[in-house]
Amino acid sequence: MPAKLERLGRSKDHPKPKSGVVHLGLGAFFRAFGAIYIDDAVRVSGGDWGIVGVSLQSPGTRDKLALQDFVYTTVSQDPDGGETFRKVEILETVLVAPEDPEAVLARMADPAIRIVTLTVTEKGYCHDPATGRLNFSHPDIAHDLKNAKPKTAIGYLVRALQRRRDAGDPPFTVLTCDNLPENGKLVRGVVLDFARELDPSLAAWIEAEGRFPSTMVDRITPATKPEDVERLAQKIGIRDEAPVLCEPFRQWVVEDDFVPAYGADAYPDLAAAGVEMVSDVTPFERMKLRMLNGTHSSLAYLGYLAGHETIAETVADPVFAGFAKRLWQEEIMPSFNPPEGVNLADYADALFERYSNPAIRHRAWQIAMDGSQKLPQRILGTIADNLAAGRASPGLMLAVAAWMRYVGGVDEKGQPIEVKDPLADRLRGLSDAAETPAEKVAALLSVREIFSADLAAQLLEPVSHSYEKLCRLGARQAVEDVT
Ligand code: CS2
């Protein structure tokens, strides 16, 4: 029986920081990403930039972190098996919104909080992926418009901004860290849609005084498994209930557009932490969403159907390695202009190295989640631009067909697939109700939250052809057939 290990705790010379940030949606990614950059900024330039984490759904993360005074370890995993440990002490506390909504609103309304960051995943914005507008028929949005104690991130943002406006305090800057195109513009849009419905004068104030900079975020952060916790405890001799595993690489590009009322104190010294502060994030976002997330999702659906567990295993298969490289070269790189000074061929090579890291056990199943919320910005935008330019996208059409096969809920061996998606039941129903590949494709293309009518019409033939080939040849052979 291994000796009882000492529990992780706060360093004596590292008192709890005064907080300047509230983070909504405290998951593994932000703890390995935004929290690290802010921690680095404070180490270099100081400032009251502690983070109050907020879990919007469940108490699990809070319960684990509360055992160790909200301190945790990040574990950066090298391809050769080396691991770099970092003790992170930037969290002041973690609140669980459903337990005490008032506590969350009170912290967000405190003028010492100058930034609210978010990682609530694509579905957390309660928007229509095809239009970017707020989905007023979302049951939680309907609830939040009638109740001052919200359920959604959007409800919390607007109700807290309302308190700031009523108190005569400046707003906080809303800094989204989710993988969405023009993510700052998107969250600003859904916040204003909600505010207009609640109180048009509040919407006017947010429109004039609020700031919603867009960002590009990048660090591969696979889910931590229970066996990781045990292994790391033995390895470092300290028990951390909530370690975060991640790749060594990280990149954060942020629009320099923060609430002016706070002046130089509007945000921590992010540039000193290696964040690229720019006037326009769009080229960086488009590059990352299409080159990384577009191939991630394509490999996830096709790799899963071919029986591969992780992205690293998928690209270790030469058929999929060739497929990824061909996607970049033939279908994705020609679809957009890169940020100034960026060589896309080098960027693709670096991505392939990152995907190949065998230490990063990033499951295809995890990436395959919420495809209805991811497809538009990761794959469909590229296809639409290629169609407009008269370029073919056979690989991406096959990826869309693989997503359709995946949400049908049965894999190539006839085994059930646990599909996680806000539209999972509806998508499964549409697929089950249709007989032939062409009918299944037509049924799924009719989901207007994902496919506009115009794009659906252009996808019907090529995706039906890909879907039929997928069913006839299987994923691996169908991929080889494209490459
Ligand atoms: C992944 C992303 O789970 C997914 O959808 O594609 O989380 C990806 O790992 C990150 O965007 C990498 O920066």
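Buried means under 20% relative accessible area, exposed means over 50%, and partly exposed lies in between, with a 1.4 Å probe and protein chains only. By this scale Arg86, at 17% relative accessibility, counts as buried. The model is predicted, so local features need pLDDT of at least 70 and side-chain atom pairs count only at pLDDT 80 or more, while totals for chains, interfaces and linings use all residues. Residues are numbered from 1 along each chain as its sequence is written, and side-chain values use heavy atoms, leaving out hydrogens and water.

The structure holds 40 salt bridges, each a side-chain nitrogen of Lys or Arg within 4 Å of a carboxyl oxygen of Asp or Glu. In one of them, Arg86 meets the side chain of Asp40 at 2.5 Å, N to O. Asp40 lies in helix H2 (residues 34-45) and Arg86 in strand E5 (residues 83-88), so this pair ties together parts 46 residues apart in sequence. Helices (H or I, at least four residues) and strands (E, at least two) are DSSP runs numbered from the N terminus. Asp40 is buried too, at 15% relative accessibility. Both residues belong to a network of salt bridges that also links Asp39, Arg43 and Arg250.

A second pair to look for is Asp218 and Arg354, whose side chains meet at 2.7 Å, N to O. Because Asp218 sits in strand E9 (residues 215-218) and Arg354 in helix H13 (residues 344-355), the bridge joins parts 136 residues apart in sequence. Asp218 is buried at 1%, and Arg354 is buried at 11%.

Asp432 and Arg428 form another salt bridge, at 3.0 Å, N to O. These two are four residues apart in helix H17 (residues 424-433), and therefore separated by about one helical turn. Asp432 is partly exposed at 46%, as is Arg428 at 34%.
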